[in-house]
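Open the model in your viewer and get ready to select residues by number. We will go stop by stop.

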Amino acid sequence: MELIINGKPIALKRHKHTTRNGRIFNYDPSKADKANFLKKVQNLAPEDPLYGAISVSLEVYLVRPKAHFGTGRNSKILKDNAPKYPIITSKENADIDNYIKFVFDALNGVFYKDDGQIVHLESVKEYSTEPKTIVRIYPYES
């Protein structure tokens with residue numbers, strides 16, 4: 001199955017800890033983002049989650065920062081020194097493993113029983129004029 005989620009790709013945020021009345025609580029700051037992501041693809045979910053070994057292909061497409069382009073009449077021209085791939089981590093560009101974990105967690109229990117079933121992964125993070133996330137899920141066959 002193939003899922004195409006248009007819009008800015010979302011990376012998993014680290015769990016946070018807080019103290020209330022002397023007790024420590026953990027919370028997931030990505031909880032709402034994961035619910036929204038799942039809502040966008042819920043209609044494509046299988047009737048029952050997949051069981052057995054699965055393979056996932058994940059493509060993350062990010063919009064280039066404005067700093068990669070010229071100014072004024074050159075605002076649509078890419079600078080010569082602009083990087084070809086999004087390799088510098090920033091607020092707009094997370095590490096690829098954070099995008100992967102976000103998607104795995106968001107689809108967990110709906111598209112597959114548990115993300116522990118994923119035994120094969122191919123992923124790529126590139127620049128595009130259209131930000132999106134593409135997820136392909138297949139039964140794994142070696």
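This tour of a predicted model visits a helix, an aromatic pair, a hairpin and some salt bridges.

**Stop 1: helix α1**

Select residues 31-41, which form helix α1. Colour K34, F37, L38 and V41: these are the buried residues of the helix. Now look down the axis of α1. The buried residues fall within an arc of 95°, so they line one face of the helix. What do they pack against? Show β1 (2-6) and α2 (96-107), because the definition of contact used here is heavy atoms within 4.5 Å, and the buried residues of α1 pack against both elements. Then turn to the face directed away from the buried side. There you find the exposed residues A32, K39 and K40.

**Stop 2: the aromatic pair**

F37 lies in helix α1 and F102 in helix α2, so the pair ties together parts that are 65 residues apart in sequence. F37 is buried, with a relative accessible area of 5%. F102 is buried too, at 1%.

**Stop 3: a charge over a ring**

Select Y61 and K132. K132 lies over the face of the Y61 ring, 5.8 Å from the ring centre.

**Stop 4: the hairpin**

Select residues 16-20 for strand β2 and residues 23-27 for strand β3. The two strands pair in the antiparallel sense, over five bridges. Pick H17 and find its bridge partner in β3, N26. Two residues sit between the strands, and N21 takes a positive phi near 50° in this hairpin. How many of the five residues of β3 are buried? The count is zero.

**Stop 5: salt bridges**

The model has six salt bridges. Start with R136, which forms one with E2, the closest N and O atoms being 2.7 Å apart. R136 lies in strand β6 and E2 in strand β1, so the pair ties together parts that are 134 residues apart in sequence. R136 also forms a salt bridge with E59, at 2.5 Å between the closest N and O atoms. E59 lies in strand β4, 77 residues from R136. Both R136 and E59 are buried, whereas E2 is partly exposed at 41%.

Finish with K101 and D115. Their side chains meet in a salt bridge, 3.2 Å from N to O. K101 lies in helix α2 and D115 in the loop between α2 and β5.

Definitions and conventions:
Residues are numbered from 1 along each chain as its sequence is written. This is a predicted model: local features need pLDDT of at least 70, side-chain atom pairs count only at pLDDT 80 or more; totals for chains, interfaces and linings use all residues. Side-chain values use heavy atoms; hydrogens and water are left out. Buried means under 20% relative accessible area, exposed over 50%, partly exposed in between (1.4 Å probe, protein chains only). Helices (H or I, at least four residues) and strands (E, at least two) are DSSP runs, numbered from the N terminus. The arc is that of the directions from the helix axis to the C-beta atoms. A charge sits over a ring if NZ of Lys or CZ of Arg is within 6 Å of the ring centre and within 35 degrees of the ring normal. Two strands pair if DSSP finds at least two bridges between them. A salt bridge is a side-chain nitrogen of Lys or Arg within 4 Å of a carboxyl oxygen of Asp or Glu.
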